[in-house]
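Let's take a walk through this one together. Have a look at the fold, and then we'll go through a helix, some charged pairs and a loop.

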Amino acid sequence: MSRARSKRWITNTDVASFYVVFAREAGTKGHKGISALVVEANWPGVRWESLIDKLGQRCSHTGDVVFEDVEVPVSHLIAGPEHGFRLAMATFDRSRPWIAAGAAGVIRRARDEALTYAMQRKAFGEPIINHQMVAAMLADMEISYQATRLLTLNAASEVDAGNLRGSHSACAKAFGGDAAIRATTDAVQILGGYGYTKDFIVEKLMRDAKLLQIYEGTSQIQRLVIARDLMRAHV
Ligand SMILES: Cc1cc2nc3c(=O)[nH]c(=O)nc-3n(C[C@H](O)[C@H](O)[C@H](O)COP(=O)(O)OP(=O)(O)OC[C@H]3O[C@@H](n4cnc5c(N)ncnc54)[C@H](O)[C@@H]3O)c2cc1C
């Protein structure tokens, strides 16, 4: 009897030549029993389906990968049952800084778009940037950009130096994701009605930014990682 299993939300579903699969051995629980395997996309029994119609980041495809009676040779085992979970967590520690880097980029673009508009658009006889509440939103974007950039560089330099504290990656990712949705929403606000149209890029930035709070572990999960690390360091 064939037993198909699928994994949803796989980035680059349709263009990947291989997938890294974390699979649990039957009968195991918790962190133990999870292995990591490389599964080639062109193997018998491996297929992708149903690309998902997403809110943002639409240039990147996301879909389901289906595995049906797939045999994986031992040469493709990259972490055995005792080490798979640890490998997944170590991967996140290294991948979260580049999500934060993406956040810094989105915030910077939102700031630039909003700044240009605010200096040109006049309301009540003067450029809207002269209205303090508009200027304050731009200042907050700049604060967010600088802080996200520095948290990212801090985590990335720790990765390079081989002394990464995982919670520092989580700090960069959580702060950047939250700051990006705030900054892009404010950019839409500064452009007023035009911000809410497809004529300006800020609506796209806002849709793209939302995902930064979700993938690679949600903003809530980052906070759990950070809090647990604080507790570990305290005892
Ligand atoms: C576009 C996109 C691309 C993705 N790419 C990949 C990929 O390539 N590979 C891959 O494996 N996954 C991928 N994902 C999956 C992604 O990592 C998950 O969607 C994400 O981790 C959230 O998991 P979930 O969707 O199951 O939400 P859930 O876990 O159901 O969470 C729902 C809500 O509950 C909150 N929540 C859940 N548990 C807790 C808790 N313990 N404490 C507090 N709050 C909690 C969450 O923060 C969230 O707000 C992708 C997702 C998207 C949307």
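Before we start, a word on burial: a residue counts as buried when its relative accessible area is under 20%, as exposed when that value is over 50%, and as partly exposed in between. Keep in mind, too, that this is a predicted model.

With those cut-offs in hand, go to R109, which comes out at 39% relative accessibility and so counts as partly exposed. R109 has a salt-bridge partner in E113, with 2.8 Å between the closest N and O atoms. Why are R109 and E113 separated by about one helical turn? Both sit in helix α1, and they are four residues apart there, so about one turn of the helix lies between them. E113 has a relative accessible area of 23%, so this residue is partly exposed as well.

Stay in this part of the chain for another pair. The side chains of R111 and D112 also meet in a salt bridge, at 2.9 Å from N to O. Here the two partners fall into separate classes of burial: R111 is buried, because its relative accessible area is 17%, whereas D112, at 33%, is partly exposed.

Now for a pair that reaches across the sequence. R223 and D178 form a salt bridge through their side chains, with an N to O distance of 2.6 Å. R223 belongs to helix α6 (residues 219-234) and D178 to helix α3, so this pair ties together parts that lie 45 residues apart in sequence. D178 is buried, with a relative accessible area of 17%, while R223, at 44%, counts as partly exposed. How many salt bridges does the structure hold? The total is 13. As a general point, side chains of opposite charge can pair when their charged atoms come close.

Next, follow helix α2, which runs over residues 132-161. Its 30 residues, at 1.5 Å a residue, should span 44 Å, and the end C-alpha atoms are 43 Å apart, so the two values agree. Which helices do the buried residues of α2 pack against? They pack against α1 (84-120) and α3 (166-190). Among these buried residues are V134, M137, L138 and M141, and the list also includes S144, Y145, T148 and E158.

S50 is partly exposed, because its relative accessibility is 37%.

Q57 is found between β4 (46-49) and β5 (62-68) too, in the loop that links them. Its phi is near 45°, again positive in a residue other than glycine. What does Q57 touch beyond its neighbours within four places in sequence? It is in contact with D208, L211, L212 and Y215. With Y215 there is also a polar contact, made side chain to side chain at 2.9 Å.

Conventions
Residues are numbered from 1 along each chain as its sequence is written. This is a predicted model: local features need pLDDT of at least 70, side-chain atom pairs count only at pLDDT 80 or more; totals for chains, interfaces and linings use all residues. Side-chain values use heavy atoms; hydrogens and water are left out. Helices (H or I, at least four residues) and strands (E, at least two) are DSSP runs, numbered from the N terminus. A polar contact is a pair of N or O atoms within 3.5 Å; within protein, one must be able to donate a hydrogen and the other to accept it, and residues adjacent in sequence count only if both atoms are side-chain atoms. Contact means heavy atoms within 4.5 Å. Buried means under 20% relative accessible area, exposed over 50%, partly exposed in between (1.4 Å probe, protein chains only). The expected span of a helix is 1.5 Å times one less than its number of residues. A salt bridge is a side-chain nitrogen of Lys or Arg within 4 Å of a carboxyl oxygen of Asp or Glu.
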